[in-house]
Every structure is written in structure tokens, then in C-alpha cells.
Amino acid sequence: MANDKQLQFDRRYMQMAQIWAQNSYCERRKVGALIVRENMIISDGYNGTPSGFPNQCEDETNKSFPYVLHAEANAITKVARSNNSSDGATLYVTASPCIECAKLIIQSGIKRVVYGEEYRLPDGINLLKQAGIKVDFIDAHTSEQ
């Protein structure tokens, strides 16, 4: 019963992360993230440029600028600037984290990651598992259930 309730929450938070991803100005891929602790959303993020930069993520060849931040990094830095703590929290992200974001996740104290699409490289997921972080996949295309 508790697992059914958790799965229901997981699907709903994933839907919310998908909606939040729509705020991204990136053309190639829109990614959203939520950090949830004790059933409260304590931070959110989507991929995009740092504050003060133009809201353009790709150059004329459709390659992402190197300064574009991933959704997870935006959510983690946002919670770091607040009075909240991500220690023991769950991160919901629409795409599996890259290795750089995985490092941030580990250092932030997040204990669980739920993701909705596979990234082209599994390095981030592998690092999270190696660090003892619980990783769950919920198909982003079926999370509406």
C-alpha cells in the first residue's frame, strides 16, 4: 500500500517536473527538476543560461553554449541560496543526470533520484548508484497514469 502511494506521488512529481521543463528557453532539449523533502517541494529548476545572460541556449549550429546550466544544477543552487536543506531529499528530473550533475547531487545530500528519460551516457546514473543513492526510472511518457 505504501509503495502504491509513493509511486503515485512519484508520477505526480514527475508530471510537475515535465511541466516545469516547459519554462526552458533551450530548443534542443527542455529538462525540468524538482527537489522534494518530506513531501514538500523545496526547489525547482530547468535547463537554461545563468542569471544575466541572454535566454538563448544554442548557437547557430544548434550546439549548446558551454555556460548553459542543467536543470539539476539550477535546482541545487537554488536550494543552496534558500533556508532549506536538500539533505535526505528526492530529486525528480525529466532526464537522467550527467556525470557533472551526479557529482552535485552526491554533494548536496540528496538520497534518491527519480528520472524519466535516459541520457545518452549512463555515467551519471552509475556514479549515483556507486555513491549509494537510490535511483528509480519512471518512463516520462507513461507518468500521466
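User: Leaving aside neighbours within four places in sequence, which residues is Leu128 in contact with?
Analyst: In this predicted model, Leu128 is in contact (heavy atoms within 4.5 Å) with Pro97, Ala102, Ile105, Ile106, Val113, Ile133 and Val135, once its neighbours within four places in sequence are left aside. Residues are numbered from 1 along each chain as its sequence is written, side-chain values use heavy atoms without hydrogens or water, and local features need pLDDT of at least 70, side-chain atom pairs count only at pLDDT 80 or more, and totals for chains, interfaces and linings use all residues.
User: How many residues has the largest nonpolar core?
Analyst: That core has 21 residues, and those with the most contacts inside it include Leu128, Ile105 and Val113; a nonpolar core is a set of buried Ala, Val, Leu, Ile, Met, Phe, Trp, Tyr and Cys residues joined through side-chain atoms within 4.5 Å, where buried means under 20% relative accessible area with a 1.4 Å probe, protein chains only.
User: Which element gives the most to this core?
Analyst: α2 does, with four residues; helices (H or I, at least four residues) are DSSP runs, numbered from the N terminus.
User: New topic: at what angle do the axes of α2 and α3 cross?
Analyst: The axes, lines fitted to C-alpha atoms over the stretch in contact, with angles from 0 to 180 degrees between N-to-C directions, cross at roughly 25° and come within 9 Å. The two helices α2 and α3 are therefore roughly parallel to each other, a label for angles under 35 degrees.
User: And which residues meet there?
Analyst: Glu72, Ala73 and Ile76 in α2 meet Cys101, Leu104, Ile105 and Ser108 in α3.

Definitions and conventions: Buried means under 20% relative accessible area, exposed over 50%, partly exposed in between (1.4 Å probe, protein chains only). Angles under 35 degrees count as roughly parallel, over 145 as roughly antiparallel, 65 to 115 as roughly perpendicular and the rest as oblique.
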